[in-house]
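User: Could you walk me through some packing details of this model? I would like to start with aromatic rings and then turn to helices.

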Amino acid sequence: MTTQATGAATGTATRTGIDAVAARARELLPAAGVITDRAQLRTYECDGLAHYRVTPALVVVPEDAAQLAAIVRTCAEHGVPFVARGSGTGLSGGALPHAEGVLVVTSRMRAITDVRRADQRAVVEPGVINLDVTRAATPHGYYYAPDPSSQQICSIGGNVAENSGGAHCLKYGFTTNHVLGADFVTPQGDTVALGGAAPDSPGYDLLGAVVGSEGTLGVVTSTTVRLVRLPEEVRTILVGFETTDQAGAATSAIISAGIVPAAIEMMDALAIEAAEAAVHCNYPDGAGAVLVIELDGAAVEVEQEYAEVARLCEENGSFEQRLATDPAERALIWKGRKSAFAAVGRISPDYIVQDGVIPRTALPEVLKAIADLSRESGVRVANVFHAGDGNLHPLVLFDDAVEGAGDAAEKVSGAILDLCIEHGGSITGEHGVGMDKAKYMPRMYTDDDLDTMQLVRCAFDPQNISNPGKVFPTPRLCGEVPGRKKAAHPLQQAGLAEVF
């Protein structure tokens, strides 16, 4: 399952470029900010998806936007590929280094430069930890809503690149709904401002194109994010069901009733087993599935919604409902859910964290199909996911020490993505395409679709040096240079687009 590239075959031309970037970085940065030692480089060889490993040719750690822009500018002058990386918690290989390129690490750019209570905004650098935005805003009566499970360690820059989500995005939306503006370094090393203080800007939505572009269009060096008012009341409910079908039906019933909870999370029996082994979260005995439902808002509204949610869960077969009575109990309920990914390591030596999304109403059918896949293949699959918006996170379990087990898990993982597409969903809900799922893009899009996306990319990055090899499936033919298809694009033939 592991892909290892040593970078030992770096060409002379590229080596010259790397040396030039290293020399420029040494002029700009403290000695510790320029890493060339082979052993130290290897500590950056993967992000959160450790199946893929590539040792970068050079790592630089800028301390401000001007340094970062100068380094990118030098990369452009010498045609050297670069990859931006924050905390390295991504789960699609989006920050996987380039063997002949520069890894630009933003972890020292951690300033929260402004918190504007009156405007409900904060201005943060890309290396700022997600949870630290909420910590800074809470004394002002606000918080930052997008909350990936890794929010204690993941960084805002990576969240912007991947358009990250989280449990509370059901009600409040994904990262893209909370980014109002950004300072952005183009692949040529120019710094431009996208969006701004106003709610909307005229012209093309370039900020919208950048958020979720997975670092293929450039690097964000400062982000203005929207803050959300802390709710008057929060109620967290743990609900036990005998089956995932019942839990899925309850989820649909709640949404259909016009209630939009802050979060509805589901875990199946295998995920519960893992969480109990790891953090002793005391979930209901014998549950085939649990829902973690959180309601927030005005106290009167939450009281009414809670009564309705309790009724709907009971009507759909819940055998136990537990309302958190204090912050400690609420934290324990969430600890079980948020530790689930890591907890699976207690019951399996290796696993693939898959990320697909489906229409919420397809949950029962898709979960049954996943169970059938698991039974037929003999590959165990644990399910823990954002039920409210249909964002699945199947954990495909295997033991890489067993010959063929990794390939079997990979096959099941791909089949799950096929199920998502067949039911009108997508191959990613919040983790991005990255390196891991680029090969699945043709299952969603035609060649013309992908070529049109490449035209957008080429408008930003005609040299193809900003995080190359991600998102798009390349090469499609033996010896083909990564990038757009060589045949003329229909838009080119019609005289509507230019080939770079």
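**Aromatic pairs and a helix contact**

Analyst: F184 and F460 are both buried, where buried means under 20% relative accessible area, exposed over 50% and partly exposed in between, with a 1.4 Å probe and protein chains only. This is a predicted model, in which local features need pLDDT of at least 70, side-chain atom pairs count only at pLDDT 80 or more, and totals for chains, interfaces and linings use all residues. Residues are numbered from 1 along each chain as its sequence is written, and side-chain values use heavy atoms, with hydrogens and water left out.

User: How many aromatic pairs does a search of the whole structure find?

Analyst: Rings of Phe, Tyr and Trp (its six-membered ring) pair if their centres lie within 6.5 Å; planes under 30 degrees apart count as stacked, over 60 as edge-to-face and the rest as tilted. Searching the whole structure gives a count of 2.

User: What kind of pair do the rings of Y143 and Y172 form?

Analyst: Y143 has 12% relative accessibility, so Y143 is buried. Y172, at 18%, is therefore buried too. Their ring centres are 6.3 Å apart and the planes stand at 85°, so the pair is edge-to-face.

User: Which residues of α14 does α13 meet?

Analyst: Contact means heavy atoms within 4.5 Å. On the α13 side, the residues are V366, A369, I370, L373 and S377. Their partners in α14 are V412, A415, I416 and L419.

Technical notes:
Helices (H or I, at least four residues) and strands (E, at least two) are DSSP runs, numbered from the N terminus.
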